[in-house]
Amino acid sequence: MNSATTSGAHRCPAPLTPAADALTHVELTHIEKRIENWIRFGRHVHEQILDRRRRVLSYRPGSVFGFVRWAANDFGTVASRIDIVRTVAPAEAYQTLAFIRPGGEILLTADGWPKVCQVLRLIDDVEAVGLDACDVAPDHWRHVANRMSVGQAPRAYTPERHQAWLKRREIEG
């Protein structure tokens, strides 16, 4: 018998990740016609399958991903949301989000299925010009969020804008 048992302390299950882990972890759940959380785009570096309905994807600091959440009950959809998030390094400030540990920098958020669909179409438009949505300039997602918030159409993200972003990132190095 060890001292933890004799002192009445309870054993807690080990956390999914060590406390000093620099990765951002996103828990995905899929319960048919009830809860569907999925990643629309992004490059994860690790996947942990918890059970047949849940898994955790892990992202390096500085990664960008699109996270879609949808939930329903017996009467229909109760929640739909998309967040485009940039993961942060351990010392950076961040915003907390459900299912994302520890959190991240929210570049865009949209609630309600019509707005979620609008963002999904904008992601499709980026991919249609041959770019990966996770490589897009974070400023573009902020621009989209700001324009949507006032009911205006955002500017398209073009290969020329992308080249300008890559050059700016190179200079800021």
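**Entry 1: Phe99.** I looked up the exposure of Phe99 in this predicted model and found Phe99 partly exposed, with a relative accessible area of 38%. I use buried for under 20% relative accessible area, exposed for over 50%, and partly exposed for what lies in between, with a 1.4 Å probe and protein chains only. Phe99 sits in the loop between β7 (95-97) and β8. I take helices (H or I, at least four residues) and strands (E, at least two) as DSSP runs, numbered from the N terminus. Its phi is near 75 degrees, a positive value in a residue other than glycine. I note that most residues other than glycine have a negative phi, and most peptide bonds are trans.

**Entry 2: basis of the values.** I number residues from 1 along each chain as its sequence is written. The model is predicted, local features need pLDDT of at least 70, side-chain atom pairs count only at pLDDT 80 or more, and totals for chains, interfaces and linings use all residues, while side-chain values use heavy atoms, with hydrogens and water left out.

**Entry 3: Lys33.** I found a positive phi, near 65 degrees, at Lys33 as well. Lys33 belongs to the loop between β1 (24-31) and β2 (35-41). Lys33 is exposed, at 62% relative accessible area.

**Entry 4: a cis bond.** I located a cis peptide bond between Arg101 and Pro102, with omega about 0 degrees. Pro102 is part of strand β8.

**Entry 5: Phe67.** I then turned to strand β5, where Phe67 is found. Phe67 counts as buried, with 0% relative accessibility. Not counting residues up to four places away in sequence, Phe67 touches, among others, Val26, Trp38, Arg81, Ile82 and Phe99; contact means heavy atoms within 4.5 Å.

**Entry 6: the cores.** I looked for nonpolar cores, that is, sets of buried Ala, Val, Leu, Ile, Met, Phe, Trp, Tyr and Cys residues joined through side-chain atoms within 4.5 Å. The largest has 25 residues, and Phe41, Leu108, Val119 and Trp141 are among those with the most contacts inside it. At least two residues of this core come from each of β5 (64-73), β6 (76-86), β8 (100-111), α2 (113-128) and α3 (138-149). The largest share, six residues, is supplied by α2. Leaving aside neighbours within four places in sequence, I find Val119 in contact with Ile82, Ile84, Leu108, Ala110 and Met148. Another core, of ten residues, lies apart from the largest one and includes Leu28, Ile39, Leu57 and Phe67.
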